[in-house]
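Dear colleague,

I am handing over a structure that will be new to you, together with some notes on what was found in it. Please look through the model first and then read on.

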Amino acid sequence: MAESAILSRHLRSVWVLPRTALGVVGWPPTRRERAFFNWHYWWQAHLIDCAVDAANRVPTPARRRRVGALARSHRLRNLTGWTNKYYDDMAWLAIALERAERTQDLPARRALTALEKALHDGWNPAVGGGLPWRIGSDFFNAPANGPAAIALARLGYRARAQEMSDWLDANLRDPESGLILDGIHLPSGEIERPVFSYCQGVVLGLDAELAAHTGDQRHLDRVHNLLGAVRRAMSTNDVINGGGGGDGGLFNGILTRYLAVVAVLLPGDDPVQVEDRRIAAALVRESAEAAWANRLDVEGEPLFGNDWSKPAQLPGTSVGAGRFTTGGSVTASAVPERDLAVQLSGWMLMEAAYQVAAAGL
């Protein structure tokens, strides 16, 4: 039902071209949104990722074709190719397309070659490692390095992914809270201290995958410590706290995607790892129960709230649409539930809950 709601409210052909589809970024949409003047590269990457989830969950020819249409349309709307100047954007797309190629036989090698080169070559040893947020920036952050490391690990660059995991742990783990901080300016060393849920998610997912592939204890320990910090600081009764709109609408969904990775993939039969898998599954399951209980039913399909612990609000019109800031981020709509990012987060959460349930957790 979460999938169906996105398809009916947000999915549209691009400029009336056949075999194309992207997500309109608001519902009800403004004229600019409907025409894809505003389209948000990284939101669309997560739309592809969710479409892959659905195609893996219940494979059908229509779902497989949809993944292909979304990928083609992403390249079409980006105008200049597969890449852009933001490493975090490119990392999210690389994750989605690698999964599409591996699980749905999508012919994505040309795209992945371009993306993996950008992500691999962006590493900057001159300032002590790290991938900048944007080409030419002095800001090296978790939202770029976390997903880039996941993508590179899956594309065969496991040593670089481990190097990036070590860099994140050394530079951005807050020794007091145990959480992952936003980023660091290099070479000055000035740290930006906001704490976002998706930063925790990508680091959890990265270390769970590296633990599964290498068996290295340091990755198991990092998952254990960060998972405990997330549960303490970012959940109430195992429901993920808060949530936003605009770009922030995706943050909690991303956290739950990678909590499901921990629940399903984290290796080890010691009591610590067994309990970590149980906690990760509980955070996903309880968040999904809360989000579903607090949804609105609009013409038979769910509309999720930006805060899963509170009743969703109906966006009556396109008034108060989100906008770009000078820094390149997207603000929340006046009613955050109109943002595609918020609804994708709800879909992502439901797919994560399916993964956990299918694993018997």
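A residue is called buried here when its relative accessible area is under 20%, exposed when over 50%, and partly exposed in between, with a 1.4 Å probe and the protein chains only. This is a predicted model, in which local features need pLDDT of at least 70 and side-chain atom pairs count only at pLDDT 80 or more, while totals for chains, interfaces and linings use all residues. Residues are numbered from 1 along each chain as its sequence is written, and side-chain values use heavy atoms, with hydrogens and water left out.

**Salt bridges**

The structure holds 25 salt bridges, a salt bridge being a side-chain nitrogen of Lys or Arg within 4 Å of a carboxyl oxygen of Asp or Glu. In one of them the side chains of Arg99 and Asp49 meet at 2.7 Å, N to O. Because Arg99 belongs to helix H5 (residues 87–104) and Asp49 to helix H3, this pair ties together parts that are 50 residues apart in sequence; helices (H or I, at least four residues) and strands (E, at least two) are DSSP runs, numbered from the N terminus. Asp49 is buried, with a relative accessible area of 2%, and Arg99 is buried at 12%. Also in H5, Glu98 and Arg102 lie 4 residues apart, about one turn of the helix, and their side chains form a salt bridge of 2.8 Å, N to O.

A network of salt bridges links Asp166, Asp169, Arg173, Asp207, Asp216, Arg218 and Arg222. Asp207 is found in helix H9 (residues 197–214) and is buried, with a relative accessible area of 2%. Leaving aside neighbours within four places in sequence, Asp207 is in contact (heavy atoms within 4.5 Å) with Ser165, His219, Arg222 and Val223.

**Helix packing**

Helix H3 (residues 41–57) and helix H11 (residues 251–265) pack at an angle of about 40 degrees, with their axes 12 Å apart; axes are lines fitted to C-alpha atoms, for helices over the stretch in contact, and angles run from 0 to 180 degrees between N-to-C directions.

**Backbone features**

Most residues other than glycine have a negative phi, and most peptide bonds are trans. The peptide bond from Trp27 to Pro28, however, is cis, with omega near -5 degrees, and Pro28 is placed in the loop between E2 and helix H2 (31–34). A cis peptide bond also joins Leu186 and Pro187, with omega about 10 degrees, and Pro187 lies in the loop between strand E4 (183–185) and strand E5 (191–192).

The loop between strand E6 (235–236) and strand E7 (239–240) holds Asn237, whose phi is positive, near 55 degrees. Asp238 is placed in the loop between E6 and E7 as well, and its phi is near 65 degrees, again a positive value. Asn237 is exposed, at 71% relative accessibility, whereas Asp238 is buried, at 14%.

With kind regards
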